[in-house]
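Below is a walk through one protein structure, taken a few features at a time. Keep the sequence and the model side by side while reading.

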Amino acid sequence: SRSGPPETHPGRQGLAWYDATLDNLQGPQGFYRWTKNENGRLREVDGYATPVAADAAIARTREMREPWFLPLAFHAAHAPWHEPPPELGGRLAPDAGNADGYDASLRAADAELGRVLSSMDPDLRARTVVIVIGDNGTADPGVRPPRDAEQAKGTVYERGVNVPLIVAGPPVEKPGSTSDALGHAVDLFPTIADL
């Protein structure tokens with residue numbers, strides 16, 4: 001195509017560094033064997049995707065000069081529903097359902113985000129703004145009663161459009177507070193640019 005092969009698109013869109021995938025991990029091996037894009041070079045990876053992404057982020061934070069921006073997009077929690085490795089909360093019961101796999105993969109992502117933040121020098125961490133956001137509502141396999149799975153991701157019901165947005169760092173005026181204000185992912189672009 002005129003814009004080049006898909007593996008080069010992140011660089012063509014202004015990212016100086018890209019270490020992730022170009023799509024969801026929907027192949028037969030899912031989160032455990034997948035294709036990684038390292039700045040336009042594709043390679044097969046054997047390893048659970050969540051800590052692999054965290055490792056790449058940790059390495060990158062040690063290389064960048066301030067001010068910097070580092071998007072870290074974990075695949076979890078996302079299909080295919082799976083059991084994370086034991087050190088990240090795996091060991092699901094033999095009769096575990098998709099909701100259990102959903103929850104376990106979300107706990108693994110939370111643990112790995114914690115590992116990324118813990119790896120940072122305390123002074124750097126103190127002046128870093130961290131934004132955590134879900135990209136869409138909870139998928140129906142992650143919905144448990146009394147919630148209705150038919151009102152989840154892909155619908156206009158509350159569970160389909162309401163996602164977490166957490167902001168921590170120096171600009172936060174009231175740490176630990178909550179807000180009922182309506183926010184959207186597009187609000188992040190001007191906010192990050194302003195920061």
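Is tryptophan 81 buried, partly exposed or exposed? The model is a predicted one, and in it tryptophan 81 has a relative accessible area of 21%, so this residue counts as partly exposed. The cut-off for buried is under 20%. Tyrosine 102, with a relative accessible area of 10%, is buried.

In the pair of tryptophan 81 and tyrosine 102, the ring centres are 5.3 Å apart and the planes stand at 50 degrees, so the pair is tilted. Tryptophan 81 sits in the loop between α2 and α3, while tyrosine 102 lies in helix α3, and the pair thus links distant parts of the chain, 21 residues apart. Elsewhere, Phe31, Tyr32 and Tyr48 form one aromatic cluster.

Next comes helix α2, which covers residues 49-61. From first C-alpha to last, its 13 residues reach 19 Å, close to the expected 18 Å. Helix α2 is largely enclosed by the rest of the structure, because 11 of its 13 residues are buried. Among them are Ala49, Val52, Ile58 and Arg60. The cover over the buried residues of α2 includes the elements β1 (19-20), β2 (33-38), β3 (41-46) and α3 (98-119).

Helix α3 also holds glutamate 112. This glutamate counts as buried because its relative accessibility is 5%. Leaving out residues up to four places away in sequence, glutamate 112 touches Thr50, Pro51, Ala54, Phe74 and Leu88. Of these, Thr50, Pro51 and Ala54 are themselves buried residues of α2.

Notes:
Residues are numbered from 1 along each chain as its sequence is written. This is a predicted model: local features need pLDDT of at least 70, side-chain atom pairs count only at pLDDT 80 or more; totals for chains, interfaces and linings use all residues. Side-chain values use heavy atoms; hydrogens and water are left out. Helices (H or I, at least four residues) and strands (E, at least two) are DSSP runs, numbered from the N terminus. The expected span of a helix is 1.5 Å times one less than its number of residues. Buried means under 20% relative accessible area, exposed over 50%, partly exposed in between (1.4 Å probe, protein chains only). Contact means heavy atoms within 4.5 Å. Rings of Phe, Tyr and Trp (its six-membered ring) pair if their centres lie within 6.5 Å; planes under 30 degrees apart count as stacked, over 60 as edge-to-face and the rest as tilted.
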